[in-house]
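Visitor: I am new to this structure and would like a close look at a single part of it. Please take one open space, say what surrounds it, and follow the elements from there.

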Amino acid sequence: MYSLAFSILFVSVLVLTLAVRFWLASRQIRHVLAHRAAVPPEFAEKIPLAAHQKAADYTVAKTKFGLLTLLVNYAVLIGFTLLGGLQWLALSLNEWMGAGSPMLYQIGLIAAFAAISGLIDLPFEYYQQFVLEQRFGFNMMSKSLFFTDLLKNIGITAVLGLPLLWVILVLMAKSGDLWWFYAWIVWSAFSLLMMIIYPNFIQPLFNKFTPLADAALKSRIEGLMQRVGFASKGLFVMDGSKRSAHGNAYFSGFGANKRIVFFDTLLSRLAPQEIEAVLAHELGHFKLKHIVKRIAVMFVISLGFLALLGFLKTQPWFYAGLGIDPVTLALTGQPTDALALLLFMLALPVFTFLLGPLTSLSSRKHEFEADAFAATHTQADDLVSALVKMYEDNASTLTPDPLHSAFYDSHPPASVRIRHLKGATT
């Protein structure tokens with residue numbers, strides 16, 4: 001009875017989220033096309049019409065492609081859950097491996113699921129990179145680099161992910177009812193460790209980082225860091241142009257490992273004072289403790305979700321409601337912890353999708369605060385001009401649908417953001 005009710009709830013929420021996603025996408029397409037013919041007045045002297053129309057076409061193409069991938073992802077989701085795909089995979093793997101090693105079986109089940117999901121996603125990732133991004137002049141990646149990156153990602157995931165998965169599964173099996181709390185401690189420690197490992201050891205496997213050579217720009221940036229009280233391990237330029245024409249700047253790590261990174265595409269496009277303003281915005285996120293707040297929120301949310309999983313993994317209706325027959329699996333003698341992880345991972349985005357605007361709202365608040373910080377320590381007009389160039393270079397639409405933007409976008413629309421910045425100068 002409970003399993004049927006949960007199945008009905010799952011399908012109802014899934015249909016609702018699919019309908020909302022299509023409705024928002026259709027609004028975005030209509031709104032962007034309706035404003036394609038003319039550059040918004042506040043940008044008329046800064047953005048050429050051709051660039052504005054390119055951004056509109058790029059946005060519409062990405063949105064339509066997103067709808068296609070959404071349909072495929074939902075079909076795969078239903079196939080793995082309600083149509084019994086996960087159960088078939090679990091039974092097939094058990095038949096092939098036997099009952100020799102329950103832990104190896106569970107890790108193999110998750111690895112097989114990941115491999116199947118990756119193979120399904122691969123054609124879409126390839127199309128996005130070599131058709132969609134290529135069409136609008138953003139792809140700089142060769143096909144050999146695409147597949148090299150893919151193999152590197154698989155290797156890194158195996159090296160780092162499999163030991164973590166093994167620890168989590170051991171905790172689920174042997175640490176009692178509070179396994180989820182111990183797993184949360186492990187996950188939190190792993191997340192903090194990755195903040196050190198990723199910029200220093202993983203990212204250099206994909207990109208080349210060279211010290212910033214422009215002495216004048218380096219002096220300007222060091223002056224900014226001194227004014228705001230930010231200590232960095234170094235200033236680096238990343239060869240982002242080997243993969244994409246998009247540009248950005250960021251800092252990574254924490255404590256003594258903080259480092260500032262500029263995409264080479266950004267340095268080639270912006271003037272020194274504009275680069276300084278963009279960096280001031282990024283430093284604003286650090287000085288205003290946005291990073292710490294986001295990490296803290298992530299830890300709290302992950303604790304809640306793991307506690308929820310701790311409850312659900314003991315409920316037969318959770319498995320049955322998502323296409324798993326506990327009785328059939330019990331006959332195999334294999335543990336169901338890996339299945340609980342997979343089912344939870346598949347179902348959670350369906351039930352949390354409608355909470356997306358809350359995340360966007362918090363992120364936008366931080367963006368406004370970081371902009372205000374930048375306007376205090378650099379010239380607001382420099383940040384405005386830098387943002388206009390970045391919107392043009394990245395083909396970011398200047399006229400998103402307000403509702404679509406509020407639901408999905410972590411940054412405020414261009415017109416709203418620049419209006420706030422100009423207000424800071426008056």
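Guide: Five helices, namely helix 4 (102-135), helix 5, helix 6, helix 10 and helix 13 (337-352), each supply at least two residues of the lining of the second largest pocket. The model is a predicted one. Among the contributors, helix 5 gives the most to this lining, with 14 residues. The volume of the second largest pocket is about 1600 Å³. Its lining counts 44 residues, and the closest to the pocket centre are Ile 110, Ala 114, Thr 157, Gly 161 and Met 345.

Helix 6 covers residues 179-202, which is 24 residues. A straight helix would reach 34 Å at 1.5 Å a residue, but the end C-alpha atoms of helix 6 are only 30 Å apart. Helix 6 also has a bend of about 30° at Ile 196, and Pro 199 follows within four residues.

Pro 199 is also one of the buried residues of helix 6.

The structure holds one cavity of 30 Å³ or more, and the largest cavity has a volume of about 50 Å³. The residues lining the largest cavity are Ile 47, Ala 51, His 52, Ala 55, Tyr 391, Glu 392, Ala 395, Ser 396 and Leu 398. Helix 2 (49-80) and helix 15 (380-393) each supply at least two residues of this lining. Helix 2 gives the most to the lining of the largest cavity, with three residues.

Asp 371 lies in helix 14 (residues 356-377), and its contacts, leaving out residues up to four places away in sequence, are His 281, Leu 383, Arg 417 and Leu 421. With Arg 417, Asp 371 has a polar contact of 2.7 Å between the side chains. Asp 371 counts as buried because its relative accessible area is 3%, and the cut-off for buried is under 20%.

Technical notes. Residues numbered from 1 in each chain as written. Predicted model: local features only at pLDDT ≥ 70, side-chain atom pairs only at ≥ 80, totals over all residues. Heavy atoms only, no water. Buried < 20%, exposed > 50% of the residue type's maximum accessible area, 1.4 Å probe, protein only. Polar contact = N/O pair within 3.5 Å; in protein donor to acceptor, adjacent residues only side chain to side chain. Contact = heavy atoms within 4.5 Å. Expected span 1.5 Å × (residues − 1). Bend = angle between axes of the 7 residues up to and from the residue. 1 Å grid on protein atoms, 1.4 Å probe; cavity = no way out; pocket = protein on both sides within 12 Å on 5 of 7 lines; lining within 4 Å. Points joined across faces, edges and corners; volume = space filled by probe spheres on them.
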